[in-house]
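Hello,

Here is the structure I promised to pass on to you. My notes on it follow below.

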Amino acid sequence: MKQWKWLIGVGILGLVAALAPGRQSAAADPNLRAQALETLRKAATYYRTQVATHGGYVYHYTPDLKTRWGEGLASPDQIWVQPPGTPTVGLAFLRAHEATGDRYYLDGGRAAAEALAYGQLASGGWTNSVDFNPAGDKVSLYRNGKGKGRNNSTLDDGITQSALRLMMHADRALGFKHPGIHESAQIALKALLEAQYPNGAFPQVWTKPVPRTKIAKASYPSYDWRTEGRVDNYWDYYTLNDQLSGYVADTLQDAAEIYRDDRYRKALVRLGDFLLLAQMPDPQPAWAQQYSYDMHPIWARRFEPAGVTGNESQDAMEVLMQVYRLTRDPKYLEPIPRALAYLKRSRLPDGRLARYYELKTNRPLYMQRAGGRNYELTYDDSRLPDHYGWKIDSRLDTIEREYQALKAGKLEPTAHSPAELEREVRRIVQTLDAQGRWVSTYQGERLVGQPKFRPGSPYISSELFSKNVETLARYLAANKG
């Protein structure tokens with residue numbers, strides 16, 4: 001599961017909850033509010049004036065800012081689109097503007113959106129990075145005519161979705177009066193709708209509108225999935241990989257709210273309809289990572305086998321509950337009890353879920369290196385490659401609580417208590433250093449982009465910056481001066 005997925009849930013819904021009447025803390029500490037404002041401005045100033053390049057951001061930086069990491073080392077002319085890069089930081093700036101009314105934060109969000117508008121592909125979406133050097137090694141076929149090469153708009157890892165969410169929120173914050181940002185958002189939305197299959201699914205990647213395909217329910221293949229049924233260009237097929245559905249659902253919901261256009265609501269409902277079709281039958285009533293046009297689980301990359309998946313199944317249930325909130329149609333809740341019961345039975349001894357479960361047998365399925373770039377299937381988890389998440393944290397208890405709340409008629413998300421929020425704000429204020437930085441120390445954990453840090457190394461994280469800014473904004477919105 002991607003660590004930055006908190007951004008979606010904390011974004012609109014979190015800020016709306018904070019702004020709602022009666023959410024304010026009656027005994028709010030005026031000194032803490034002043035400290036929060038000062039901390040927010042100091043941190044934002046450092047990130048905008050020292051860290052940004054071309055208005056955008058990457059994932060990690062050395063404290064001296066001389067070395068930058070996205071997916072690998074980044075040049076001074078490269079920014080990253082994939083969270084927690086430029087869209088994550090830009091959205092955090094916009095939340096700060098919503099909470100404070102300070103145009104300084106709006107300008108930060110606008111600059112990030114303009115950087116993404118530069119890197120929008122001719123096919124309407126985005127790839128994982130933008131290279132402002134026309135001769136750079138990550139240049140793609142940009143809509144502005146200043147690029148060349150690949151034109152693959154991708155929904156993998158929330159890339160196009162997060163970029164589009166920033167464009168839409170910046171568009172609204174600027175009163176729909178910034179021509180470049182408004183046009184970019186509209187072109188991307190049109191491309192996203194054209195990328196949706198008739199059954200409601202989305203591909204991982206598109207370069208042009210998708211072909212029409214038949215509508216069918218998910219089923220187990222009759223062939224030996226280990227040796228047959230692999231496809232070329234797996235990214236063209238129905239994909240749930242890396243929480244694709246959750247990112248798309250949030251993007252479509254934002255679009256419906258911002259532009260008051262029912263096309264986006266209908267597209268979100270069709271996505272829910274696809275998830276109903278994609279639930280596997282017994283004995284594994286959950287979801288796969290990738291499906292063929294015949295709705296059989298299929299391979300993706302050489303280390304991503306056909307199987308039922310822990311991560312995508314949790315994401316599918318969360319999206320179904322999101323669609324239920326929108327429609328109040330109980331059919332979107334109906335699959336959840338079966339899936340929850342199955343996944344609870346499938347938990348590993350440590351409480352986590354396997355990334356893959358073998359079709360029908362339900363044995364946790366892994367991969368091991370077999371020389372060079374080759375892999376071999378195994379049930380042995382003792383020698384797992386470290387470049388991939390083979391085991392997934394369980395969110396089943398949280399999903400079940402949300403399901404039970406919806407069944408009981410409680411449709412609003414649960415907000416943080418004022419005391420919890422205040423404690424977190426005090427921690428954030430205390431950990432900002434004199435230069436306006438939150439500096440992390442690498443402890444050997446797996447980080448997005450897998451930067452080559454030595455244990456004990458200090459680094460600056462766009463994810464931590466954005467998360468702290470969002471929290472400060474939520475607190476300030478709930479405690480107006």
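Helix H7 (residues 179-195) packs against helix H8 (residues 244-259) at an angle of about 130 degrees, their axes lying 12 Å apart. Axes are lines fitted to C-alpha atoms over the stretch in contact, and angles run from 0 to 180 degrees between N-to-C directions. H7 is therefore oblique to H8 (under 35 degrees is roughly parallel, over 145 roughly antiparallel, 65 to 115 roughly perpendicular, the rest oblique). Helices (H or I, at least four residues) and strands (E, at least two) are DSSP runs numbered from the N terminus.

This is a predicted model, where local features need pLDDT of at least 70 and side-chain atom pairs pLDDT 80 or more, while totals for chains, interfaces and linings use all residues. Residues are numbered from 1 along each chain as its sequence is written, and side-chain values use heavy atoms, without hydrogens and water.

On the H7 side, His182, Ala185, Gln186, Leu189, Leu192 and Leu193 meet Thr251, Leu252, Ala255 and Tyr259 of H8 (contact: heavy atoms within 4.5 Å). Beyond its neighbours within four places in sequence, Leu252 also touches Phe202, Tyr264, Ala267 and Leu268, among others.

Leu252 turns up again in the largest nonpolar core, of 101 residues: with Trp126, Phe274, Trp287, Tyr291 and Met317 it touches the most other members. (A core joins buried Ala, Val, Leu, Ile, Met, Phe, Trp, Tyr and Cys through side-chain atoms within 4.5 Å; buried is under 20% relative accessible area, with a 1.4 Å probe and protein chains only.) Helix H9 (residues 262-278) gives the most to this core, 10 residues.

Best wishes

Conventions
Buried means under 20% relative accessible area, exposed over 50%, partly exposed in between (1.4 Å probe, protein chains only).
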